[in-house]
Amino acid sequence: MENIETEKPEAELVARAKIGDHLSFEKLLKKYEVQIYNLAYRMLGNRSDAADVLQEAALKAYQALPRFQGRSSFGTWFYRIAANLCLVLIRNHKHKQVPISLDTMLSRKGSSQEEEKTFEIADWSHNPAASLANKELHKILSDSIATLPAIYRSPFVLYEMEDLPVKQISEVLRISEPAVKTRLHRSRLLLREKLSEYFEHLKK
Amino acid sequence: MVIMCRRYWISFPAYLEDDIGPDLSQILKRHLAICPACLARLETLRKTIDLCHELPLLPVPDELHRKIMESLPVSVKLTSFTMHLIIRKSKMRKREKKKRRN
């Protein structure tokens, strides 16, 4: 019975969920919840806010389903609801978003030129530890993304992890395309610095 | 050397995406050929981005999934037979509508 239910096409699940069938809605939720939870986690930087967003998005989607006309797929529609909730949260916390100057970003490693030079020569890109199989590195990278300043994190997540084009990100975040690119570039430089600190520490 | 190199660093992300003009691209290429420190910086930047793409997705905790389902407004309990009738009726309505249009 369970298998037969699972094979139902999405349109039928949506039709059933529209008239209040929790079981069908649950199947739809199961299908998309991981993607949405991860979008929220990466956009907001913590699991607690991500859980709140997934719950709120699911409730909104369930309540708005009778008005869902199917112009986009259910997944896209649900995703958009969640992305908007994330953006509202981010905008509400705008006062906490402090941009980091490039100089601050690039001059954290010691004050002497010699120290920086030594540090910069270390190429860890082929180091066997530079793999996500390395649990420590995995955690450092996840934490580094989560703790990027929100103004950098949102464009980074939308571009690198959600594959949205720059134009769409500029519309979603209401900033210019060059601003999206600048923030993207800075977020990558910041993350590289974080990983380099780890490899520098490994050498000691 | 480091101070000289600094001005190139900001262009590395765009360089990796091939999103810079040909002139700057040439300048960077020439510099990278003679500066192992900058080349290392570029390669580690490339590796950082690759690692980000490889990050696996977090699973949704079962408890959260349960909590969401429990928080949904309670609707009229529909038996599968009633559900079947409703769906069939809706499909028939759609078919009739299509016929009328034709």
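Phe74(A) and Phe78(A) are about one helical turn apart, because they sit 4 residues from each other in helix H5 of chain A. Helices here are DSSP runs of H or I with at least four residues, numbered from the N terminus. This is a predicted model, where local features need pLDDT of at least 70 and side-chain atom pairs count only at pLDDT 80 or more, while totals for chains, interfaces and linings use all residues. Residues are numbered from 1 along each chain as its sequence is written, chains are lettered from A in the order in which they are written, and side-chain values use heavy atoms, without hydrogens and water.

Now the aromatic pairs. The whole structure has 8 of them over all chains. Rings of Phe, Tyr and Trp (its six-membered ring) pair if their centres lie within 6.5 Å; planes under 30 degrees apart are stacked, over 60 edge-to-face, and the rest tilted.

Tyr32(A) and Phe74(A) make a tilted pair, at 5.9 Å centre to centre and 50° between the planes. Tyr32(A) is in helix H3 (residues 22–44) and Phe74(A) in helix H5 (residues 74–92), both of chain A, so this pair ties together parts 42 residues apart in sequence.

For Phe74(A) and Phe78(A), the ring centres are 5.6 Å apart and the planes at 45°, so that pair is tilted. Both are buried, meaning under 20% relative accessible area with a 1.4 Å probe, protein chains only. Tyr32(A) is buried too.

One aromatic cluster takes in Tyr32(A), Phe68(A), Phe74(A), Trp77(A) and Phe78(A).

Technical notes:
Helices (H or I, at least four residues) and strands (E, at least two) are DSSP runs, numbered from the N terminus. Buried means under 20% relative accessible area, exposed over 50%, partly exposed in between (1.4 Å probe, protein chains only).
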